[in-house]
Amino acid sequence: MGRIIAVANQKGGVGKSTTAINLSACLAEKGKKVLAIDIDPQGNTTSGLGVDKNGVENTLYELLLGEADVKKTIVKDVVENLDLIPSNINLSGAEIELINMDDKEYILRKITEKLRRKYDYIIMDCPPSLNMLTINALTAATSVLVPIQCEYYALEGLSQLIHTIDLVKDRLNKKLVMEGVVFTMYDARTNLSLQVVENVKDNLEQNIYKTIIPRNVRLAEAPSYGQPINLYDSRSAGAEAYRLLAEEVINREDK
Ligand SMILES: Nc1ncnc2c1ncn2[C@@H]1O[C@H](COP(=O)(O)OP(=O)(O)OP(=O)(O)O)[C@@H](O)[C@H]1O
Ligand SMILES: [Mg+2]
């Protein structure tokens, strides 16, 4: 049975989509069968993996509302071993439509439970908010991975996120585990990045990934070419870092 990892942080622009795209691609590169699910109406994971978000017929929105089935929604082999459930701006309407549905927190889980047998990993890119879509992702997940940007306000909002994760664990998904936090956009030229990492390590009682994702311009460029970093620039520092992260994620499972 595959692991289902939600990449979540309600803080915007911390590297969720970059991590979802490149972790998925690096797991796939290692021969794992991976499904990425774009749970953000911004559709960054969709376009970052080279899929035209406004050209797709069915998206997560139609799937959640029961208007399309899984077969018609999954985009196969966006890269080798990696499939995608795409999203676009239509998904922003789902929030309101979900409210009137029975078991509204469990809609995504019912879908992923069936898909789990087919994939080693399902990686979900969450939106920058603690809304019903994020709750659905946390309810479907087996673990949560939290990207933290190496900047001054890194810890802001984190206690709120951890509180939400605990609530979901209590009420909706007893088996949910905190996979850990991963530092992103680390800038070795500044003291600030180092201070943030030290500070978070001292103050946060969570698993912290050894791999630190550096600030790397190739990572920022890759989405405009619709390619994950390992294809866009296989030897870049960003590609190396996400490969190491993928390895750590795989090893964590063996423990
Ligand atoms: N390690 C990195 N080095 C350089 N640029 C990065 C890195 N990680 C992310 N970026 C850039 O920073 C911006 C925000 O990253 P990203 O979209 O992954 O964050 P996000 O948390 O998904 O944002 P949102 O909350 O809007 O969904 C993007 O322009 C991205 O290309
Ligand atoms: Mg994003």
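User: How far from an oxygen atom of ligand 1 does a polar side-chain atom of Gln-42 lie?
Analyst: In this predicted model, the distance is 3.2 Å, which falls under the definition of a polar contact (a pair of N or O atoms within 3.5 Å). Local features need pLDDT of at least 70, side-chain atom pairs count only at pLDDT 80 or more, and totals for chains, interfaces and linings use all residues. Residues are numbered from 1 along each chain as its sequence is written, ligands are numbered from 1 in the order in which they are written, and side-chain values use heavy atoms, with hydrogens and water left out.

User: What about Ser-17?
Analyst: A backbone N or O atom of Ser-17 is 2.8 Å from an oxygen atom of ligand 1.

User: How much of ligand 1 does the protein bury?
Analyst: Ligand 1 alone exposes 620 Å², and the protein buries 80% of that (accessible areas by the Shrake-Rupley method with a 1.4 Å probe).

User: Which residues are closest to ligand 1?
Analyst: Of the 18 residues that surround ligand 1, the closest are Lys-16, Ser-17, Thr-18, Pro-214 and Asn-216 (a residue is near if one of its heavy atoms lies within 4 Å).

User: Which helix gives the most to that shell around ligand 1?
Analyst: Helix H1 does, with 3 residues (helices are DSSP runs, H or I, of at least four residues, numbered from the N terminus).

How values were computed: Polar contact = N/O pair within 3.5 Å; in protein donor to acceptor, adjacent residues only side chain to side chain. Helix = DSSP H or I, 4+ residues; strand = E, 2+ residues; numbered from the N terminus.
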